[in-house]
Amino acid sequence: MLFTLKKFLGGLLMPLPLLLILIGLALILLWFTHWQKSGKALLTLSWLVLLLISLQPVADRLLLPIENKYATYQGNDRVDYIVVLGGGYTFNPNWAPSANLFPNSLPRVTEGIRLYLQHPGSKLVFTGGFGPASQSSARTAAQVAQSLGVASSDIVMLEKPKDTEEEAADVATLVGDKPFLLVTSANHLPRAINFFTAKGLHPIPAPANQLAITSPLHSWERAIPAASYLYHSERAWYETLGKLWQWVKSPADAPSH
């Protein structure tokens, strides 16, 4: 119940729902009250913020400092486990396996497979519990890996965790004090590392699914608002809220900055 409430309230605090709520409040003020100036000011401000965070230069400037904390893993550390954290998913047995993973999940799995192929003898660990779907996030990701040639004997599924903190606790029981590669979205990795090191673990950061664009773009791609860039802003805001919540729960485990 608490987990569902946390997700629901957190969802309402995301940029799009929050701005829509503010726009709705502004319309109420304009249509049903004498607070015309307040309504106009709130509507204008909400529209302007929505516009700005839907533009590539703004969105990626917000996201880039978070994603830049860890570079793509190119090392050759000796590891027994490659841990891939769960993300958004659904499950439809009539779909291609990869179609069941949301855009934040599939790149994690493919990066995990890339690292698995570079580390013969390692185990590929997928984490993530059950949502509304009939099977777990971990099992859905494992099916994708198997469909791409990973042997089932090299796959470990941790199907109970509901969030990153629980994933860290379950991984601790599996890997002990051994170093391991930790694969998750680049924007999520700094917060995930905090959870795992707080458990006394030794994760080696391996970011996937980088979103903030630093390579050249067409001028219109930078100037026209897009839902994809709004999503980039959302990820920056989500991880900022997540770090704040992490600090509230365990100030000693949160990053000093």
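Leaving aside its neighbours within four places in sequence, which residues is arginine 235 in contact with? In this predicted model, arginine 235 is in contact with Leu63, Asn187 and Leu211 once those sequence neighbours are set aside. The residue belongs to helix H10, which covers residues 227–249, and it is buried, with a relative accessible area of 12%.

**The chain as a whole**

- The protein chain has ten helices and five strands, and its C-alpha atoms fill a box of roughly 70 × 45 × 45 Å when this is taken along the principal axes.
- Among contacts in the protein chain with a separation of 6 or more, 70% are accounted for by residues 24 or more positions apart.

**Strands S2 and S3**

- Strand S2, made up of residues 123–127, pairs with strand S3, made up of residues 155–158, in the parallel sense and over four bridges.
- Within this pairing, threonine 127 stands opposite leucine 158 in S3.
- From S2 the chain crosses through helix H6, residues 137–147, to S3, and this β-α-β crossover is right-handed.

**Asparagine 209**

- Asparagine 209 is found in the loop that runs between strand S5 (202–208) and helix H9 (219–223).
- Its phi is near 55°, a positive value in a residue other than glycine, whereas most residues other than glycine have a negative phi.
- Because its relative accessibility is 13%, and the limit for a buried residue is under 20%, asparagine 209 counts as buried although it is found in a loop.

**Aspartate 77**

- Aspartate 77 is found in the loop between helix H4 (56–67) and strand S1 (81–84), and at 35% relative accessibility it counts as partly exposed.
- When residues up to four places away in sequence are not counted, aspartate 77 touches His119 and Ile204.
- Aspartate 77 and proline 161 are 84 residues apart in sequence, and their C-alpha atoms are 27 Å apart in space.

Key:
Residues numbered from 1 in each chain as written. Predicted model: local features only at pLDDT ≥ 70, side-chain atom pairs only at ≥ 80, totals over all residues. Heavy atoms only, no water. Pairing = 2+ DSSP bridges. Helix = DSSP H or I, 4+ residues; strand = E, 2+ residues; numbered from the N terminus. Right-handed = clockwise from strand over helix to strand, strands pointing away. Contact = heavy atoms within 4.5 Å. Buried < 20%, exposed > 50% of the residue type's maximum accessible area, 1.4 Å probe, protein only.
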